[in-house]
Amino acid sequence: MVDTTQMMATLIQCRVAGSSDEMQHNESVQMLASFRKVLQDQTLTPLYQPIVDLHSGKFIGYEGLIRGPSDSPLHAPTRLFSVARSHGHTIELERLCRKIHIDKFVSLGLAGKLFLNMSPDALMMHSDDMSVSSLLPPQIVGVAPDGIVIELTESEATSDYSSLRQAASDYRGLGLQIAIDDLGEGFSSLRLWSELRPEYVKVDKYFVQGIDNDAVKRQFVRSICEIAQQSKSTVIAEGIETEAELDAVRSLGIQYGQGYLLGRPSLTPGAALPSETQRLLTPERSAKRPFAESYKGMGTARKILRTVPAVADYTLTNDVYDIFKRQPELQVLAVLREGTPVGLIHKLRMLDRLARPYHRELYGNKPCDQFIENLPLIVDHKTSLQDLGHLFTEANPHHLSDGFIITEQGRFIGVGTGFDLIREITQMQIHAARYANPLTQLPGNVPINEHIEALLLSEEPFAVCYCDLDHFKPFNDLYSYRKGDEAIQITASLLRQYIDSSIDFVGHIGGDDFIVVFKSENWRERCQKILDQFNASMAHLYKSDHLAEGGYITENRQGVEVFHSLISISLGVVEVNMALPYSSHQIAEFAALAKTEAKKIPGNSLFVERRSLLGVPLAQTRPGLQ
């Protein structure tokens with residue numbers, strides 16, 4: 001007997017499924033019709049987002065972004081290109097986008113390079129008679145080929161690397177450049193980088209957002225910078241949205257950036273950064289950023305400054321020649337435009353060019369600015385030598401040999417050389433190694449004092465935390481000095497883990513004593529995390545029965561058995577909130593007193609010295625309290 005109820009249910013399911021399929025089909029047909037109308041009417045809106053030099057603040061170009069009709073489900077670019085891929089119209093859509101971007105770019109009179117997004121498949125669809133028009137629309141008038149950067153987007157895996165490499169080579173021959181978009185997000189972007197050797201590499205915003213608080217992301221981006229230096233690619237950091245992210249990216253030596261902090265996509269973008277954003281890029285701001293790997297007091301760009309003449313850009317070449325002739329020891333001089341330094345002229349290169357047949361006659365009575373061969377590296381005199389070293393890792397190698405310009409409030413004051421910089425940095429490294437603790441390799445007393453002195457001179461607020469291990473000697477006696485050394489190394493690693501490595505500093509006084517200098521505003525939370533994690537970090541050092549009992553019994557020097565608790569950590573903190581007539585040694589004494597108070601509290605403890613170093617009574621902070 002047939003179950004009629006089951007048959008009815010089955011029929012209903014079939015009708016529902018058929019209805020659903022029909023609805024999806026109708027929706028697909030309507031979407032395709034809308035898409036074709038977009039192509040036919042060319043109702044796409046071009047937007048431009050600036051790409052910024054993170055040292056000068058100048059716009060080097062714009063990335064072209066596209067939006068569909070605002071009243072259409074195809075407004076979002078992801079949906080627009082998804083429909084195009086589903087119906088085999090990706091190449092047609094991309095070509096229309098490029099035409100619209102170039103037309104609008106020209107009509108707006110925008111300066112710099114235009115970064116145009118393109119899929120690998122579109123790049124490889126080129127004919128035997130290569131021309132710019134086979135990739136770009138005929139309406140390219142107004143944009144030179146060397147002003148176009150093809151930004152390869154990777155929506156799906158690429159396998160035909162040979163054809164892709166050949167296509168990239170062909171278009172490079174026409175003057176265009178190549179960039180890889182969203183490095184780290186695609187299917188095989190590292191392989192693509194190795195195969196194409198692009199002029200630009202854009203780090204995906206995932207690795208930039210939150211980079212200031214993520215050591216793994218910083219290491220990833222640092223590795224990208226190292227590969228880029230070897231492959232001669234320029235790194236662009238995408239997705240910069242906060243000042244902290246900007247500082248972290250700049251500290252890694254990345255020269256160019258893009259993101260909402262620097263400029264949102266716009267139909268009519270500006271030509272320069274707003275003044276409040278420009279201030280974020282000042283050398284003074286960078287120079288005030290201490291690093292955990294070293295310490296201040298190491299010197300600034302002024303330490304390697306060399307005084308040389310400067311001439312206006314309209315000065316005749318013959319006059320510059322006479323300056324070099326009158327000063328045989330002079331190897332370089334600066335060129336100013338309306339008082340602002342714009343480049344350097346090198347004696348030997350200028351003389352070499354003028355020695356060629358008829359060159360003296362051709363160029364002698366023309367302005368000297370034609371002898372500026374490369375864009376110069378310009379730094380403020382307050383830039384620390386360490387920050388300057390970071391700039392050189394990203395800048396073109398010629399700066400090491402050619403030298404760089406040093407300014408004070410934008411005014412030219414002299415030049416520096418790569419030789420002098422390397423010499424000073426080498427001396428800094430020797431100095432740091434001389435005073436580093438051999439067990440933890442952390443800076444010792446001398447660099448700790450120098451770091452605090454430098455912060456006092458800068459009149460910046462900071463907090464000094466004195467860290468000491470409690471009950472360490474009984475542990476060292478019972479478990480041996482090897483386990484004691486391991487406990488000290490664990491403590492050093494824990495302190496490193498919970499500081500902000502871009503602005504905070506960790507030093508090792510000796511034995512089981514450490515100093516942390518916090519510039520992080522949330523230093524209380526960081527101290528609490530150290531306290532919370534300390535016991536778990538040390539647990540594997542103990543025997544199970546000692547761990548269970550919370551300590552162990554040993555004989556003291558008088559032969560009396562005494563119970564000793566497991567190792568704990570005491571943190572004594574003193575805040576320095578204004579310029580005070582105290583030295584680093586005096587502040588260290590205040591921190592030591594705070595540490596002594598912390599040690600009176602059982603277990604892992606934090607004591608904050610709440611007076612402003614002016615004699616106000618102490619106030620105690622119990623474990624876990626702020």
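Buried here means under 20% relative accessible area, and exposed means over 50%. The structure described is a predicted model.

## Helix H2

Helix H2 spans residues 77-86, and its buried residues are Leu80, Phe81, Val83 and Ala84. These residues lie on the same side of H2, because the arc that they cover around the axis is only 155°. An α-helix has 3.6 residues a turn, so residues three or four places apart point the same way. Thr78 and Ser86 are exposed on the other side of H2. Just after the helix, Gly88 adopts a positive phi of about 75°.

## Salt bridges

Side chains of opposite charge can pair when their charged atoms come close. Across the whole structure, the search identifies 20 salt bridges. Three of these pairs are set out in the table.

| Salt bridge | Closest N to O distance |
|---|---|
| Arg172 and Glu199 | 2.8 Å |
| Glu238 and Lys202 | 3.5 Å |

The salt bridge between Arg172 and Glu199 has its closest N and O atoms 2.8 Å apart. Arg172 belongs to helix H5 (residues 161-173), while Glu199 sits in the loop between helix H6 (189-196) and strand E6 (200-203), so the pair ties together parts that are 27 residues apart in sequence. Arg172 is partly exposed, at a relative accessible area of 25%. Glu199 is also partly exposed, and its relative accessible area is 22%.

Glu238 and Lys202 form a salt bridge with a distance of 3.5 Å between the closest N and O atoms. This pair links distant parts of the chain, 36 residues apart: Glu238 is in the loop between strand E7 (234-237) and helix H9 (243-251), and Lys202 is in strand E6. Both Glu238 and Lys202 are buried.

Asp420 counts as buried, at 4% relative accessibility, whereas Arg306 is partly exposed, with a relative accessible area of 42%. Through salt bridges that share partners, Glu63, Glu151, Lys202 and Glu238 are joined into one network.

## Cysteines

The search of the whole structure finds zero disulfides. Cys527 is in no disulfide, and the nearest cysteine sulfur, that of Cys465, is 4.4 Å away. A disulfide requires a pair of cysteine sulfur atoms within 2.5 Å. Cys527 is buried, with a relative accessible area of 0%. Cys97 is likewise buried, and its relative accessible area is 6%.

## Thr407 in strand E13

Thr407 is located in strand E13, which covers residues 404-408. The residue is buried, with a relative accessible area of 7%. Which residues does Thr407 touch, not counting those up to four places away in sequence? They are Pro341, Ile378, Val379, Asp380, His381, Phe412 and Ile413.

Terms used. Residues are numbered from 1 along each chain as its sequence is written. This is a predicted model: local features need pLDDT of at least 70, side-chain atom pairs count only at pLDDT 80 or more; totals for chains, interfaces and linings use all residues. Side-chain values use heavy atoms; hydrogens and water are left out. Buried means under 20% relative accessible area, exposed over 50%, partly exposed in between (1.4 Å probe, protein chains only). A salt bridge is a side-chain nitrogen of Lys or Arg within 4 Å of a carboxyl oxygen of Asp or Glu. Helices (H or I, at least four residues) and strands (E, at least two) are DSSP runs, numbered from the N terminus. The arc is that of the directions from the helix axis to the C-beta atoms. Contact means heavy atoms within 4.5 Å.
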